[in-house]
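Please work through the exercises below with the sequence and the structure side by side. Each one sets a task and then gives a solution that goes step by step.

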Amino acid sequence: MTMLVPIGVIMLSGAVGGIVNALVSDNGFIKPSEVSAGEVTIIRPGFAGNILLGAVAAFVSWGLYGAFANTALFGTVTGIGTEEISVSISSIAGALLVGIGGARWLTNEVDKKLLRTAATAAAASKANFEESRKIAIGTPAQAFNIAKKMYQNEQSRS
């Protein structure tokens, strides 16, 4: 078996982990996009970013810690460790878990930036009890959009 087949299986498993993260996060299957409020622009990688990061994270994890982490890709090596390359069930499960974790990290970083920007925009706007309640119970993307609207309304009054 060539090295590309197990790498493909591991990366596919990580990509599935990215899909799982997209399903369990509030972002769902949004397209990659940019959102901005004033001078701040936030890149939302969407489902494609989750899938890509999940695949890459799984490959990196398997490459560093998998059963064949020390396998030579080029040249010949004889002796111990020259057996045929394979992918175990635990490698696939680990890749799936790392894919979810890697994609979750990306989602959390974007959500943190959305919430920080929402807090800044809301603080610069006139107090509004109803909108603050919506921000408190909304998703990070909803909080960002509500605060952005509050900020734009405040700017249009000035």
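## Exercise 1: Glu34 and its surroundings

Leaving aside residues up to four places away in sequence, find which residues Glu34 touches, and then describe where Glu34 sits.

Solution. Once residues up to four places away in sequence are set aside, Glu34 touches Thr41, Ile42 and Ile43. The model in which this contact is found is a predicted one. Finally, the relative accessible area of Glu34 is 60%, and because exposed means over 50%, Glu34 counts as exposed.

## Exercise 2: The chain as a whole

State how many helices and strands the chain has, and in what pattern they follow one another.

Solution. Counting the elements gives five helices and two strands. Reading along the sequence then gives the pattern α-β-β-α-α-α-α. Two further values describe the chain: of its 158 residues, 32% are buried, and of the contacts between residues at least 6 apart in sequence, 74% join residues that are at least 24 apart.

## Exercise 3: Helix α1 against helix α3

Determine how α1 and α3 are oriented to each other, and which residues make their contact.

Solution. Begin with the axes: helix α1 (residues 4-24) and α3 pack with their axes 7 Å apart, at an angle of about 45°. That angle makes α1 oblique to α3. The crossing in which α1 passes α3 is right-handed. On the side of α1, the contact is made by Val9, Ile10, Ser13, Gly14, Val16, Gly17, Gly18, Val20 and Asn21, and on the side of α3 by Ser91, Ile92, Ala95, Leu96, Gly99, Ile100, Ala103, Arg104 and Thr107. Sorted by class, the residues of this contact are nine nonpolar, eight polar and one charged.

## Exercise 4: Helix α5 and two partners

Solution. Take α3 (residues 89-123) and α5 (residues 140-157) to begin with: their axes come within 8 Å and cross at roughly 25°. The crossing of α3 past α5 is left-handed. Among the residues that make this contact are Leu114, Leu115 and Ala118 of α3, together with Phe144, Ala147 and Tyr151 of α5. The whole contact of α3 with α5 holds 12 nonpolar residues, one polar and two charged.

Now turn to α4 and α5, whose axes also come within 8 Å but cross at roughly 155°. By class, the contact of α4 with α5 has five nonpolar residues, no polar ones and two charged.

## Exercise 5: Salt bridges within helices

Say how many salt bridges a search of the whole structure finds, and examine those of Glu130, Lys134 and Glu154.

Solution. The search of the whole structure gives four salt bridges. One of them joins the side chains of Glu130 and Arg133, at 2.8 Å from N to O. Glu130 and Arg133 are three residues apart in helix α4 (residues 129-137), so about one helical turn separates them. Glu130 is partly exposed at 35% relative accessibility, and Arg133 is partly exposed as well, at 38%.

The next pair is Lys134 and Glu131, whose closest N and O atoms are 3.8 Å apart. Both residues lie in helix α4, three residues apart, about one turn of the helix. Lys134 has a relative accessibility of 35% and counts as partly exposed.

The last pair to examine is Glu154 and Arg157, in which the closest N and O atoms are 3.8 Å apart. Both residues lie in helix α5, again three residues apart, about one turn of the helix. Arg157 is exposed, its relative accessible area being 60%.

Notes. Residues are numbered from 1 along each chain as its sequence is written. This is a predicted model: local features need pLDDT of at least 70, side-chain atom pairs count only at pLDDT 80 or more; totals for chains, interfaces and linings use all residues. Side-chain values use heavy atoms; hydrogens and water are left out. Axes are lines fitted to C-alpha atoms, for helices over the stretch in contact, and angles run from 0 to 180 degrees between N-to-C directions. Helices (H or I, at least four residues) and strands (E, at least two) are DSSP runs, numbered from the N terminus. A crossing is left-handed if the near helix is turned anticlockwise from the far one by less than a right angle, and right-handed if clockwise. Contact means heavy atoms within 4.5 Å. Ala, Val, Leu, Ile, Met, Phe, Trp, Tyr, Cys and Pro count as nonpolar, Asp, Glu, Lys and Arg as charged, and the others, Gly among them, as polar. Buried means under 20% relative accessible area, exposed over 50%, partly exposed in between (1.4 Å probe, protein chains only). Angles under 35 degrees count as roughly parallel, over 145 as roughly antiparallel, 65 to 115 as roughly perpendicular and the rest as oblique.
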